[in-house]
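Student: Could you walk me through reading this one? I'd like to go feature by feature.

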Amino acid sequence: MKHLKDILYGVRITAVSGTTSCGIASVCFDSREVQKGDAFVAIKGTLTDGHNYIAAVVKAGARAIVCEQLPAEMVDNVTYVQVESGNQALALMASNYYGTPSKNLKLVGVTGTNGKTTVSSLLYQLFKKAGYKVGLLSTIKIMVDDTAFPTKHTTPDALVINKHLKLMNDAGVEYCFMEVSSHGIHQKRTEGLVFEGAIFTNLSHDHLDYHKTFAEYRDTKKTLFDQLPKTAFALTNVDDKNGLVMLQNTKARKASYALKNYADYRAQILENQFDGQLLKINDHELWTKLIGHFNAYNMLAIYATADLLGLEQLETLRLLSELENVDGRFQYYISKKRITAIVDYAHTPDALKNVLETINTLRTGNENVITVVGCGGDRDRSKRPVMGNIASEMSNKVILTSDNPRTESATEIISEMEAGVEPQNIRKILSIENREQAIKTACQLADDNDIILVAGKGHETYQETNGVRVDFDDFKIVKELLASLKK
């Protein structure tokens, strides 16, 4: 049991009622999880406000309440702490409760619109191959060295982050690579974390349902770099026009990477094939199984990070050549009829364009490209017509379908995607609301040597409609359908 005053270290407090010398069993922000002796942090969320549950958690035995607004009625023997920000308080309290675990390892954050999962996951792979104990906090999973834990968000809540960082400390983990989303930064989930470095991949149209403007989205990402200590490194992609913006106010050591512009770390694509590509990184040639120019950026970011963390360069190049693709990121299957199915998480206009550009670079011109794509519900609506336009412009046939409709109508989402299709491309479009039927139709339309792209969900193994999730795995479905084709 820890004292409340110690758990509150660094929190901006405006008022206190009661003693902060009391013992605290645990910290939580979900009112349903409160037990006797806990400290409850009231968070103002997008769907609910933790302040509405203060009376209920006190009845459940909460010893302390941390909130932005003190309740009108306060119970004796319960400590009430008023803070400037519930989100910031939760993050700092979580870090303090678990003994500031991030300072006991080298934590590297990866942020950007696209590439976060690939870069962080492959850095985990590379450092494991180099013989280190490594941690991973990603969209796909949390890894504490060799032990996997499921995850629901790109950046988990502060309690989950610090709990698993503490598990990493206990397991002797030396390095941890972490995806850092704009939501996570904005909601202060990363406050109190001690970063060894941060990587910026790129910035494009996404999450404007949450951030409202592109400038707000960009500046939220920039916060990660603004808060880095002098001892950390800040690595940025200077081929992206926002790359240098990330470095404007950072105290960290600055480093850059690029394929097109002058940078500290540079790469050139020498060959690009379906089974891999040949890169030249800072005068060293490297064959990698990961294809496409977006993966050239990813590999370069990984190489640069390994170098900044002190790995020997030639050893890093050798290990890079052994890296395997991440699930749902340009994951492909070739059928007996030489039909190639590619499953990719591309759920933004820029990501979809990158994947289709890669496919069109690799094809001979005799194959058809059939794209199955949808857009998620309750998310940025403005990107839907843009994605419809990109898919129809860069494919021979497009099947618009549902992604995760959530609480929206899949029919309306598809209609908004159709609105972006140019008149000359209308003939390429089919709309099939049922995603499995859409994938099945793509397989039936495909002739020998054609290419099917199933975009949007990638590694996800579920479909969400009105709060209900059902099992759904794009790669498994397309692979089974192609294997069963009679023609």
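**Reading burial, contacts and cores**

Student: Is Ser120 buried or exposed, and how do I read that?

Tutor: Buried means under 20% relative accessible area, exposed over 50%, and partly exposed in between, with a 1.4 Å probe and protein chains only. Ser120 has a relative accessible area of 0%, so Ser120 is buried. Bear in mind that this is a predicted model: local features need pLDDT of at least 70, side-chain atom pairs count only at pLDDT 80 or more, and totals for chains, interfaces and linings use all residues. Residues are numbered from 1 along each chain as its sequence is written, and side-chain values use heavy atoms, with hydrogens and water left out.

Student: Which backbone oxygen does the side chain of Ser120 reach?

Tutor: A polar contact is a pair of N or O atoms within 3.5 Å; within protein, one must be able to donate a hydrogen and the other to accept it, and residues adjacent in sequence count only if both atoms are side-chain atoms. Here the Ser120 side chain reaches the backbone oxygen of Lys116 at 2.7 Å. Ser120 sits in helix α4 (residues 116-129); helices (H or I, at least four residues) and strands (E, at least two) are DSSP runs, numbered from the N terminus.

Student: What does UniProt list for Lys221?

Tutor: UniProt positions are given in the numbering used here, feature names are shortened, and annotations may be inferred rather than shown by experiment. The unreviewed UniProt entry lists Lys221 as "modified residue: N6-carboxylysine". In the model, Lys221 belongs to helix α8 (residues 214-226) and counts as buried because its relative accessibility is 1%.

Student: Which residues is Lys221 in contact with?

Tutor: Contact means heavy atoms within 4.5 Å. Leaving aside neighbours within four places in sequence, Lys221 touches several residues, including Thr111, Lys116, Ser181 and Met246. The side chains of Lys221 and Thr111 are also joined by a polar contact of 3.2 Å.

Student: How many residues are in the largest nonpolar core?

Tutor: A nonpolar core is a set of buried Ala, Val, Leu, Ile, Met, Phe, Trp, Tyr and Cys residues joined through side-chain atoms within 4.5 Å. The largest one has 42 residues, and Phe127 and Tyr265 are among those with the most contacts inside it. Helix α9 (residues 293-308) gives the most to this core, 10 residues. A second, separate core has 28 residues, among them Ala346 and Ile429.

Student: And what share of the whole chain is buried?

Tutor: Of its 487 residues, 56% count as buried.
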